[in-house]
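Look at the structure below and keep the sequence beside it. The text that follows goes through it one part at a time.

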Amino acid sequence: MTVAVLVEGLTVEFGRFRAIDDLSLAIDYGEVRAVIGPNGAGKTTLLDVVSGVSRAKSGRILFDERLELTRRSEAAIARSGVRRKFQKPSVFEALSVRDNVEIGLGGANDAGSKEKVAAILETVGLSDHADRLASELAHGQKQWLEIAMVVVSEPKVLMLDEPVAGLTDEETERTAALVRRLRTPGRAIVVVEHDMDFVEAIADRVTVLHEGRTLFEGSMARARADARVVDVYLGR
Amino acid sequence: MWRRSLLAGLLGAVVACGPAAAAFDRAAIAAQACGGAAGMTDAANAMAAGLVDASADDAKWTVALAGAAIDRGLKCGPGGAMIVRSEGAVNAVTLSPVDGGGGTSPLLSLKNRPLFETVRAAATLRSGATADERGAALAALERRAGSLPPEFFEKAAETEADAGLKARILGVGQAALLNSPDMPKRIAAIEHIAATSDRRALTRVDGLKSDPAYRTDPAFRGAVDEGVASIGRWLALSNALNVFYNGLSFASILFMASAGLAIIFGLMGVINLAQGEFIMIGAYVAYAVQETLRAVAPSLIDWYLIAAIPVVFVVTAGIGVAVEATIVRRLYTRPLMTLLATWAVSLLLVNLMRVAVGTQNLQFVTPWYISGGRLLMGDFIVTWNRLFAIVFAAVTLALTWFVLKRTPLGLNIRAVTQNRAMAGCVGIATRRVDMMAFGLGSGLAGLAGLALCPIYNVNPQMGSNFIVDSFMVVVLGGVGTLAGTAIASLGVGQINVLIEPLYGAVAAKVIVLLMIIAFLQWRPEGLYAVKGRRK
Amino acid sequence: MSKFDRRTFLRTTGAAAASAILPLAAPPLIRSSRAAGTVKLGCLFSSSGTMANLEGRMNFVAKMAAEEINAAGGVNGSTIEVVTSDPASDWPLYAQVGRQMLSETKVAALFGCWTSVSRKSVLPVVEQNNGLLFYPLHFEGDENSKNVVYVNSPPASSVLPAVDYLMSPDGVEAKRFFMVGSDYVWPRTINKQLKGYWKTKGIEESAWKEEYVPFSFSNFQTIVNQIRAFADAPGGKLVVVLTVVGSSIPDFMREFANQGISSSDVPVLGLDMVEADLEGLDTQKLVGHLNCWAYLQQAKGEANQKFLKSWADYVGKTKAPFRPDVAIDPMVSTYDAVHLWAMAAKKAGSFDVPEVRQAFAGLSFDCPSGYKIGMTAENNYVSRGVFIGSVNASQGFDVLWQSEGTPKPVPMSQYG
Amino acid sequence: MIAPKKAYLARALDDRVFSGVAAATLLAFAAVALWPGLSGYRVNIVGQLACFALLAVALDLIWGYAGILSLGHGLFFAIGGYVAGMHLLEQSVATTGITPDIVQFMGWTALPNWWGPLGSFSIALLAAVAVSFAASFAFGWVSFRSRVGGVYFAIITQALVYVAMLLMFRNDTGFGGNNGMTGFQTIFGVPFQTPGVAEGLALASLGALGLTLVGCRLLMIGRFGRLLVATRDDETRLRSLGYETLRLKLAVWCLSAVIAAIAGLLYVPQVGIINPRVLSPELSLEIAVWCAIGGRGRLAGAVIGAVVVNAIKFSLSATLPELWPFVLSALVILVALIFPNGLLDIGRWRPAMLTRPGALQPKDAPS
């Protein structure tokens with residue numbers, strides 16, 4: 001089985017601040033990987049670099065073992081099948097829910113597109129709201145809408161940045177169920193999250209970042225037992 | 001050359017009077033002075049010739065008569081020439097009081113004005129009460145030494161008591177001997193002239209290359225060549241200094257106009273198009289302070305520029321706070337709307353001022369400390385009004401830097417600039433900081449207006465001249481850095497002044513703006529930028 | 001798109017439709033009430049924008065002249081009503097307002113424009129509507145429209161005499177010239193004609209320099225540096241011919257004085273410089289610099305005393321935001337223009353443009369300048385006297401020289 | 001395939017404000033064409049207003065829909081205007097033989113040779129479109145590629161138009177300097193005084209406005225319009241969904257520039273002068289003001305704003321000139337504080353909102 005995302009010797013700097021420091025990482029198809037760690041550990045920066053929003057100083061990122069991502073534009077990366085949900089819910093507020101998802105589908109306006117949109121709206125539970133403006137949705141619904149927007153194009157790599165931040169317990173559970181449903185053998189899912197129960201519910205493996213480096217990699221249960229992880233992150 | 005033609009005329013007058021030239025005929029001179037333009041020329045020439053051997057008393061009289069002619073205090077009535085003074089009219093010959101009624105005041109023609117100015121200065125040199133007075137007169141004569149009889153300076157030096165001044169008089173006298181038949185004196189004159197090293201000196205010495213002596217006399221040629229080379233070197237330096245000074249002066253104006261903007265834009269990302277009008281209001285407040293001083297303490301009126309500093313700051317900062325609280329505050333989430341709203345504010349302020357005060361330029365007193373300038377070296381002149389602006393800008397830069405770096409307000413401003421949300425989380429009242437910063441920025445704009453009143457016209461429209469330039473400076477410097485703004489001002493000022501003599505003022509401005517636009521395409525964050533994660 | 005209920009729909013659609021056809025259907029914005037007994041004159045002078053300080057006062061002068069004429073019984077049994085406007089120093093707006101005044105307000109004549117460019121923009125409008133524009137500024141000449149009355153002087157009868165004076169032994173025997181102007185048609189044309197004139201006098205091209213600056217340019221440091229350097233170069237006496245306009249004039253003069261150059265070193269002939277430009281300057285250091293106009297406030301004669309008093313009274317009465325004690329040439333030209341029009345209309349016994357124009361020939365008027373100004377059948381130019389003024393210490397101009405009579409105006413320049 | 005198209009057109013007229021404005025444009029068109037009692041002056045005013053409305057529509061495309069505020073649209077308007085000026089001069093000289101003023105004060109002997117082809121209207125139209133397209137493409141490509149946006153883009157475009165103004169003010173630049181071009185004698189060989197010329201120009205402007213309105217509306221309710229709105233709301237999001245927003249922005253930017261140029265092309269024959277004043281930053285800013293007052297992002301708002309503001313301006317500058325700047329600034333502040341979606345919000349306004357400013361939240365507040 002091929003590796004979905006392979007990060008090698010990645011370094012990202014903002015001025016003098018080194019956000020990611022010589023990081024290496026491999027994410028397989030079919031797995032849900034959680035990336036956790038304290039604030040400033042470089043989690044969101046990692047997603048930024050993979051999705052092309054930020055540029056790496058050195059190192060490389062291989063998608064599907066064939067595409068080098070660090071030099072590509074955000075749009076090119078997205079079109080190749082790597083999609084990402086932002087930390088702050090980013091939906092197009094002046095457009096309807098349906099329009100939002102349709103835009104997520106990309107240029108393909110083929111016969112099946114209407115059905116695809118309907119299906120994904122059903123999956124995230126927004127079918128009843130399809131014709132409302134996105135700005136009228138509640139916070140949790142916006143999170144799901146954004147997930148629908150990135151998922152509708154059936155990406156091979158799906159990155160979710162804090163998908164349950166600010167959600168109620170009930171909404172968090174629904175989101176966890178949603179993520180589990182999105183998991184397919186041909187897709188890698190990367191989740192950045194602080195909610196450890198949520199992580200435990202969905203993640204196959206976790207990677208703990210600290211000061212831009214990997215501190216730990218393995219199952220959630222082992223992470224909870226790891227002294228260093230407890231020290232820098234979980235213990236607090 | 002006009003000076004030489006004057007000289008020729010004067011020499012002619014001297015020759016006509018003969019070497020004796022002793023008789024200083026006041027009555028004749030006064031009569032000539034009332035004889036129309038030609039008569040006035042004769043009067044001036046007669047006085048210049050007579051001053052060589054004139055008594056101190058005659059010299060004093062000459063000062064009075066020439067001064068009266070220059071200041072239009074000379075009056076020609078049926079009873080002859082009179083000098084009108086504030087305390088009453090006197091007979092121009094006897095200086096005894098007369099009835100000043102009737103008659104006309106002749107106006108000096110363009111040609112006669114320099115003659116009378118020279119005569120007055122020469123007479124003052126002979127009769128001035130203090131060494132300072134005589135020194136000033138000598139300085140005025142330096143440029144026109146050639147238009148006086150050569151012996152004048154020797155005589156003046158003889159009677160001069162002050163040793164330093166005496167040497168200077170002799171020096172000026174030597175320079176006047178450039179065309180003397182006596183070769184050593186000519187060479188000495190060349191050396192003396194070369195010591196001034198301005199362009200006029202170059203013209204004079206360089207002109208000697210066509211003198212027959214240049215081909216025949218090696219010593220003379222050597223002196224001329226050496227003089228031309230030496231002047232050329234100093235001239236190049238003084239020109240460079242001029243360019244630098246002009247650039248610095250322009251930069252100081254740019255900096256003053258954009259410093260407030262840099263703070264407001266950097267902190268809030270708000271484009272304040274009314275910034276130019278705060279500058280205008282600052283100047284108007286300075287005017288109000290001047291008028292108040294005129295009414296309350298006329299003796300202090302020269303100091304209105306200093307007295308106005310706190311008033312201007314407080315008033316413009318107050319208006320800024322008011323604008324922030326009523327308009328800008330409600331639009332923080334919509335920066336482009338703020339832009340339009342502040343434009344409307346600027347329109348409103350201009351027109352309020354127009355209706356309330358009128359469109360005419362305000363009349364400012366020009367205190368002695370910002371009036372005129374000083375030739376420092378060669379052609380390098382330092383004008384006091386611009387030096388005032390430069391110093392003012394430097395002090396403003398230092399104080400603003402201090403406020404931003406060393407005071408709690410500055411700390412808060414910097415915190416909010418860097419991360420508004422985080423600053424809010426740690427308990428900084430961001431809205432209050434915004435208001436204070438907007439006030440600070442507006443106050444700085446007001447101070448810019450104050451610094452500009454000795455340089456530019458003050459009228460309701462004045463603010464609009466600065467807006468594009470100052471935005472470009474702020475963006476070029478990098479938003480949110482005062483140092484960036486200062487350096488961008490310096491760069492823009494100097495480049496502008498460098499290009500201007502080559503392609504003209506318009507092209508210079510166009511080129512500089514295009515350079516900035518191109519630079520920003522390449523580096524949108526400006527020279528100095530606070531980098532961070534995007535989005 | 002936002003949702004609207006039916007009521008809102010009706011209201012907004014109605015408003016939209018109304019605003020679109022408002023200019024069509026609404027009653028005339030300016031009622032062209034041609035009530036018997038009034039005749040309207042239109043003013044095209046800006047009271048906002050860069051020209052406001054200079055042009056603004058003309059509106060008041062025109063009204064003042066109209067009041068004088070009305071007090072003396074009006075014209076042809078009608079009283080004059082002066083309609084003012086604000087073209088906001090925006091040249092196309094002059095054309096717009098001019099068109100409106102001619103075709104909607106039905107004014108009998110227009111008075112206005114300061115800069116040449118505003119005149120050029122109104123010119124097609126008055127020609128197409130066969131109107132009459134009285135233009136009160138001295139200008140670059142080379143124009144001769146039957147729809148414009150050139151109340152002030154073309155260069156041949158104002159600038160050239162002044163330059164002649166400077167070049168003569170009575171003046172300073174000027175040999176070299178530094179021309180500084182605003183970058184537009186008036187300075188460029190004047191300088192072109194001057195250069196042509198100097199060539200006929202055998203002056204070499206190396207004896208002059210030309211610099212142009214944008215409108216409302218203020219930073220004259222470098223240019224004054226250049227003038228100092230040029231003045232000190234060999235070749236004879238230098239004078240500066242200054243054709244910058246508006247706020248650039250005081251800015252230039254201030255920098256000139258601050259760099260220590262006096263009129264006895266390098267005299268400046270400020271062709272557009274008026275008393276209003278000296279407001280706010282320390283003129284002690286500017287004494288002796290020159291301007292040239294067809295009127296100076298110091299002009300002798302009763303007509304001037306009367307004019308100055310009327311202006312002071314008028315400002316006092318109307319609280320006009322201008323100085324009561326300053327009168328400039330274009331004010332007098334505007335004043336003359338209104339009187340000339342009234343005389344022509346009276347002579348023609350009509351307000352119709354062709355008849356009024358016919359009546360111009362042979363008119364003469366006692367101008368406040370002390371000259372009897374007049375018009376001939378040859379063209380629409382007015383012959384006027386010429387003054388050279390010299391800046392005095394009290395922000396005014398003394399009369400340094402004035403012409404013997406009123407030279408015949410030459411519309412088309414023969415130089416360049 | 002005909003049925004869906006019809007539905008599409010119906011959707012375009014779905015918005016009632018828009019259909020109101022379209023109807024008003026049609027009404028004005030009919031009035032100018034059929035109502036003989038209309039004075040030439042008023043016809044001219046209507047024609048000018050239509051040009052301003054067209055200009056406002058152009059700005060609304062990029063500001064209202066794509067969220068990019070240009071404070072330099074006067075540049076494109078001027079490109080059209082100057083091309084029209086050159087066309088009219090060439091063509092006037094060809095028909096009447098009268099030497100225009102510009103030749104004399106520029107010190108030429110005849111109009112420059114390279115203006116010659118512009119004497120043909122189709123070439124002039126092509127030139128206006130091509131130059132405005134090339135200029136906007138070059139500037140847009142560089143700016144959008146380096147991701148200059150928001151207030152930066154606004155002030156850089158302002159500086160750009162200011163630079164253009166300074167350049168055109170120079171006589172040496174070769175387009176008449178401060179005077180610009182005036183004294184057009186004929187249009188299509190017909191003298192300007194001829195009855196019907198003013199009507200024809202006004203009809204052309206109204207026609208252009210109507211067609212542009214409907215065309216842009218169709219474009220904006222379609223996929224392209226939705227993507228533009230998405231760009232405005234969250235450009236990074238859109239990019240991360242695989243869209244090259246550079247192309248989107250560049251397309252609408254160039255379209256907007258070309259429409260502005262056409263507005264300028266139609267405007268100049270109606271006012272009879274083109275000079276660098278149209279390049280003043282104030283005019284470009286005023287275009288944004290029209291859009292803001294009418295309400296952004298709905299095309300109809302731009303038309304209403306342009307017409308209302310300019311109608312007030314025209315009437316006040318001849319009757320109560322002192323009042324105009326105060327009215328304008330009050331309007332802008334009112335709109336900024338109380339009606340963020342423009343005057344079209346008046347119907348939704350309630351007195352209670354005075355104490356809760358911002359209750360009429362803009363539907364497109366950028367984050």
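Which residue in E8(A) is the bridge partner of A:Met159? The partner is A:Val190. The model in which this pair is found is a predicted one.

The pair belongs to two strands of chain A, strand E7 (residues 157-161) and strand E8 (residues 188-192), which run in the parallel sense and are joined over five bridges. These strands are part of an open sheet of six strands in chain A, in the order E6-E7-E8-E3-E9-E10. The pairing in this sheet is mixed. At its edges stand strand E6 (82-85) and strand E10 (213-218) of chain A; each has a single partner strand, so one side of each is left without a neighbour in the sheet. Direction ignored, neighbouring strands of the sheet are turned by 20° against each other on average.

Helices pack on this sheet. H1(A) touches strand E3 (32-36), E6, E7, E8 and strand E9 (205-210) of chain A, and its direction makes about 145° with that of E7(A). Helix H9 (residues 227-234) of chain A lies across E3, E9 and E10 of chain A. The angle between the run of H9(A) and E10(A) is about 120°.

Chain A also has an open sheet of four strands, ordered E2-E1-E4-E5, and its pairing is antiparallel. Strand E2 (17-28) and strand E5 (67-68) of chain A are the edge strands, each pairing on one side only. Inside this sheet, strand E1 (residues 3-14) of chain A pairs with E2(A) in the antiparallel sense over eight bridges.

Two packed helices are described by the angle between their axes and the distance between the axes. For helix H3 (residues 97-105) and helix H4 (residues 113-124) of chain A, the angle is about 120° and the axes are 10 Å apart. H3(A) and H4(A) are therefore oblique to each other. Their crossing is right-handed. On the side of H3(A), the residues that meet the other helix are A:Arg98, A:Val101, A:Glu102 and A:Leu105. On the side of H4(A), they are A:Ser113, A:Lys116, A:Val117, A:Ile120 and A:Leu121. By class, the residues of this contact are five nonpolar, one polar and three charged.

The axes of helix H8 (residues 163-175) and helix H9 (residues 183-196) of chain B come within 7 Å and cross at roughly 115°. That makes H8(B) roughly perpendicular to H9(B). The crossing of these two helices is left-handed. H8(B) brings B:Gly171, B:Gln174 and B:Ala175 to the contact, while H9(B) brings B:Ala188, B:Ala189, B:His192 and B:Ile193. The residues of this contact divide into four nonpolar, three polar and no charged.

Now consider domains. Chain B is divided into domain 1 (2-176) and domain 2 (238-522). Their centres, taken over C-alpha atoms, are separated by 48 Å. In chain C, the domain assignment gives domain 1 (38-152 + 298-385) and domain 2 (159-293). The C-alpha centres of these two domains of chain C lie 29 Å apart. Their contact takes 14 residues from domain 1 and 13 residues from domain 2 of chain C. Helix H2 (52-71) and helix H4 (116-128) of chain C each supply at least two residues of the domain 1 side. That side has six nonpolar, five polar and three charged residues.

Which chains touch with the most contacts? Among the five pairs of chains that touch, chains C and D have the most. Chain A and chain C do not touch, and their nearest C-alpha atoms are 9 Å apart. Between chains B and C, 47 residues of chain B are in contact with 48 residues of chain C. The elements giving two or more residues to the chain B side include helix H12 (218-268), strand E4 (373-377) and helix H22 (505-522) of chain B. The residues of that side divide into 16 nonpolar, 22 polar and nine charged.

How values were computed. Residues are numbered from 1 along each chain as its sequence is written. Chains are lettered from A and ligands numbered from 1 in the order in which they are written. This is a predicted model: local features need pLDDT of at least 70, side-chain atom pairs count only at pLDDT 80 or more; totals for chains, interfaces and linings use all residues. Two strands pair if DSSP finds at least two bridges between them. Axes are lines fitted to C-alpha atoms, for helices over the stretch in contact, and angles run from 0 to 180 degrees between N-to-C directions. Angles under 35 degrees count as roughly parallel, over 145 as roughly antiparallel, 65 to 115 as roughly perpendicular and the rest as oblique. A crossing is left-handed if the near helix is turned anticlockwise from the far one by less than a right angle, and right-handed if clockwise. Two residues are in contact if their C-beta atoms, placed from the backbone, lie within 7 Å. Ala, Val, Leu, Ile, Met, Phe, Trp, Tyr, Cys and Pro count as nonpolar, Asp, Glu, Lys and Arg as charged, and the others, Gly among them, as polar. Domain bounds come from an automatic or database domain assignment.
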